[in-house]
Amino acid sequence: MASLLSWIFSRASATSLAVHDNEPSILYNQIIREGSEHHFAGRLAELLTNSGNAWPPKATHAETWPSPLRKYNIVYQRIAPFLPVRESSLDDAENRRLIDKTRALIRALLEEEIPIPAVCETLEECSRYDNDTMPMSGWLGFYSCLASLRHAYRWGVLPVVREAQNEKSLQFPRELDIPWPYIQRRVGITSPGGSLSSNSYYNLDARREIVYSITSGMGEEHNRTELWNGLLFVEVEDKALPMYRHISQAAHFLEIEDYPSTISTLEIANEELKVAFKHFYDNMNDYNLVPSLWLPYCQGFQGWTLEGINGVSGGQNILIRTLDSFLGIRPWPTEEEEALHLPLAQRNWLNCLRNFDIRAVAQKKGNEEVIKQLDHMVTQLRLWRMGHMRRMQRYQVHRPERNKMTAGKSLVQDDSVQTSDESVMVNHLKQMLSRIVHT
Ligand code: HEM
């Protein structure tokens, strides 16, 4: 296994950043066409239609929003250069001044730019069920913009500092509060903060460049690390889509007891999964993601830690949740937990896989070859989790200006507790790994 992992990690390659045009792909059209054939295909097709008619999701930004909403984009682009600093201060009073200054700037720009009555009127109109003033892709981009503004207000300065981490609650400007419930309803999430979807999937334009950057003016290495922090999640979804189609077909074939088709489809899905994982291994490297910069300049901003609510975690990505759901790797998050960060269409897809529980069905039907194919997929997932855990340890650098925090678990600990960021995260990931080892 050690040699397999070292082979995996030695393979660093540059990925071409192609322009992703607006033409739906052949695969997209196939999935939409097949949507009426069975319920698994139906949920997959809905995932795509609710993700900007694409997968990975395709958000569109200011140019597709009604004009009052475009002002939010202007505000973000104006505040972005004020967020990151090269050197963090270790002085709490100095950091408080900095946070308050950024928040005052954001409030002033919002007051200057945002026409509240027009925004309310527009959001009401766009929310009517028969209204197509703003396409779904526009809603996704707007969600990304508002989430970025809310996270910017929440932290005030990057790298994030303990002075902001210590806040337990925070009042947001009304310009940032008013649109939020409209977004929550339209997208189907409940968190007051962002998610992997808003901050990564929906934060790239058609050229796959970051729209709401948090490393403005910091230089090439910071920018590249920020880009890959989102791009890697998106590109593995590019590779995973063919597999989603095949696992949905395999579930259907097993349901109707067509064993030869179940087996051959799972074989293909296993090959496709290899391709997606290889892309992850090839690109999670120190060039794309500089270890000393990831935690201070990318991860911190993704946290939330207000009123006990978690921020963004890699765990909110769809590939791994799809595999956990398809393969019955428990415990699954509660509906309430998952609704915080996962848009409704993503949850519906996962839940239809969970409800079927293919490994339990295969066991009951006793088809050895189906079980073997599914076990092979479990092994691939287990190896990936080990590889990811090993790789991510390089990113757990110590930062004196902040408390220990995993963005996803919002685990901000008291300084008197003698655990490092690293051990907190590694313990958490070991728990995740033990789930899968013991299934
Ligand atoms: C971009 C580079 C990445 C870095 C530096 C990174 C780092 C981390 C860290 C530190 C954690 C633990 C903290 C937490 O839960 O918030 C984590 C969790 C996780 N990450 Fe990543 N990650 C990266 C990319 C990815 C990608 C592309 C995927 C999916 C294909 C992924 C999937 C996960 C999952 C599923 C978890 C939750 C633990 C688990 O289920 O095993 N990560 N990641």
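The protein chain holds 20 helices and zero strands. Both kinds of element are DSSP runs, numbered from the N terminus (helices are H or I, at least four residues; strands are E, at least two). This is a predicted model: local features need pLDDT of at least 70, side-chain atom pairs count only at pLDDT 80 or more, and totals for chains, interfaces and linings use all residues. Residues are numbered from 1 along each chain as its sequence is written.

Start with the whole chain. Of its 439 residues, 44% count as buried. A residue is buried if 20 or more other C-beta atoms lie within 10 Å of its own, exposed if 12 or fewer, and partly exposed in between, with C-beta atoms placed from the backbone. Now take contacts between residues at least 6 apart in sequence: 80% of them join residues at least 24 apart. Two residues are in contact if their C-beta atoms, placed from the backbone, lie within 7 Å.

Next come the domains. Domain 1 covers 2–56 + 239–437, and domain 2 covers 62–220. These bounds come from an automatic or database domain assignment. Across the boundary, 35 residues of domain 1 are in contact with 38 residues of domain 2. On the domain 1 side, α14 (291–302) and α16 (335–341) each supply at least two of the touching residues. Helix α14 gives the most, with five residues. That side of domain 1 divides into 18 nonpolar, 13 polar and four charged residues. Here Ala, Val, Leu, Ile, Met, Phe, Trp, Tyr, Cys and Pro count as nonpolar, Asp, Glu, Lys and Arg as charged, and the others, Gly among them, as polar.

Now follow helix α7, residues 136–155. Two packed helices are described by the angle between their axes and the distance between the axes. Axes are lines fitted to C-alpha atoms, for helices over the stretch in contact, and angles run from 0 to 180 degrees between N-to-C directions. The axes of α4 (residues 67–79) and α7 come within 10 Å and cross at roughly 40°. Therefore α4 is oblique to α7. Angles under 35 degrees count as roughly parallel, over 145 as roughly antiparallel, 65 to 115 as roughly perpendicular and the rest as oblique. From α4, the contact uses L69, Y72, N73, V75, Y76 and I79. From α7 it uses F142, C145, L146, S148, L149 and A152. By class, these are ten nonpolar, two polar and no charged residues.

Helix α10 (residues 180–188) also packs with α7: their axes come within 10 Å and cross at roughly 135°. So α7 is oblique to α10. W139, F142, Y143 and L146 of α7 meet W180, I183, R186 and V187 of α10. Seven of the residues in this contact are nonpolar, none is polar and one is charged.

Go on to the loop between α7 and α8 (162–165), where V160 is found. V160 is buried because 30 other C-beta atoms lie within 10 Å. Beyond its neighbours within four places in sequence, V160 is in contact with W155, Q165, G300, F301, G303 and R402. C126 is 34 residues from V160 in sequence and 35 Å from V160 in space, C-alpha to C-alpha.

Finish at helix α3, residues 39–49. Its buried residues are F40, A41, R43, L44, A45, L47 and L48. They pack against α2 (26–34), α12 (220–255) and α17 (344–356).
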